[in-house]
Amino acid sequence: MLSEGLIPIIFIAVIIIALAVLFTFIPIMLWISALAAGVRISIFTLIGMRLRRVVPSRVINPLIKAHKAGVDVDTNQLESHYLAGGNVDRVVNALIAAQRANIELSFERCAAIDLAGRDVLEAVQMSVNPKVIETPFIAGVAMDGIEVKAKARITVRANIDRLVGGAGEDTVIARVGEGIVSTIGSSKDHNQVLENPDRISQNVLSKGLDAGTAFEILSIDIADIDIGKNIGAILQTDQAEADKNIAQAKAEERRAMAVAQEQEMRARVQEMQAKVVEAEAEVPLAMAEALRSGNIGVMDYYNLKNIQADTDMRDVIGKMNNENEEEDN
């Protein structure tokens, strides 16, 4: 049995716990803040948000802000955008900024831009205050072979109508870089580019590079321009080196063919010498056969030997005379 003194304490504790649970589940203070701001919203609507797993403050606070700014939005729109994974506060801020800047922007359009992954508030701010995009140094080669490097500053303004599905900054930079390279490449002399850098801006702007992008290009200014390498001379040097290597390869091929042909001729000489030796080896046999058969006599044989000896002697005398003449000279 509980004592009579503990019953009031337990009763008070139960009331406190019930009130804590009530105020935790039902955002009474948020409901009071909405009423104080002139936003009429039912307490059951806040309970329904809790049941739908919507954080009421993420919807009600932007709703209060929009109501104070005179932007016409309702709870269902904000709640549906929250459930879709959008940023309700950023959408409301974008709508307020667009209204202040006299930019026509509906909630549906703003929510679609936010769900597409783009910062809609930044886009509205960029529509009022254009953004400057600076490109890296972009190199092009003029017709005289001199490399020219240029850096450009692109002033762009967000095109809200093309934010959904439009290309981003990388596409703008790539297109401007392509235009710079094309303009430099069409110049006959690199001095023309150095003397008139605004020619690059005019040519690039005339191409309509912002088509299909989320931006409107307002101006393109050449921030810096510099001279690079003599690409034409480098290419000519590389071509001359390649021609030299080709000529050396062909000369080496011809030398190898000459060496092979020389070796072949030497082999043929050796072959012919072998045939001569073989033929000379058959001479004594033929002489012996001629003697046996009586085709020649012994005296004929000796006369032949004397002729050979006389021929050998004349060859020796001739060689000695040639050597003496060379020594006298």
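**Notebook: salt bridges and core**

I began with lysine 151, which counts as partly exposed at 22% relative accessibility. I kept in mind that this is a predicted model.

Next I looked up arginine 157 and found a salt bridge to glutamate 216, with the closest N and O atoms 3.1 Å apart. Glutamate 216 sits in strand β4 and arginine 157 in strand β3, so this pair ties together parts 59 residues apart in sequence. I noted both as partly exposed, glutamate 216 at 31% and arginine 157 at 29%.

Back to lysine 151: what does its side chain meet in a salt bridge? I found glutamate 134, at 3.6 Å from N to O. Glutamate 134 belongs to strand β1 and lysine 151 to strand β3, so the pair links parts 17 residues apart in sequence.

Then I turned to helix α13 (residues 298–328), where aspartate 310 and arginine 314 lie four residues apart, about one turn of the helix. Their side chains form a salt bridge of 2.9 Å, N to O. Aspartate 310 is partly exposed at 32%, whereas arginine 314 is exposed at 58%. I also noted one network, in which salt bridges with shared partners join Glu134, Lys151 and Arg153.

Last, I checked the core. The largest nonpolar core has 60 residues, and Leu95 is among those touching the most other members. Helix α6 (residues 88–100) gives the most to this core, with seven residues. Leaving aside neighbours within four places in sequence, I listed the contacts of leucine 95, including Val71, Val73, Leu105 and Phe107. For helix α8, I saw that aspartate 119 caps the N-terminal end, with a side-chain oxygen 3.2 Å from the backbone nitrogen of leucine 121.

Definitions and conventions:
Residues numbered from 1 in each chain as written. Predicted model: local features only at pLDDT ≥ 70, side-chain atom pairs only at ≥ 80, totals over all residues. Heavy atoms only, no water. Core = buried A, V, L, I, M, F, W, Y, C linked by side-chain atoms within 4.5 Å. Buried < 20%, exposed > 50% of the residue type's maximum accessible area, 1.4 Å probe, protein only. Helix = DSSP H or I, 4+ residues; strand = E, 2+ residues; numbered from the N terminus. Contact = heavy atoms within 4.5 Å. Polar contact = N/O pair within 3.5 Å; in protein donor to acceptor, adjacent residues only side chain to side chain. Salt bridge = Lys/Arg side-chain N within 4 Å of Asp/Glu carboxyl O.
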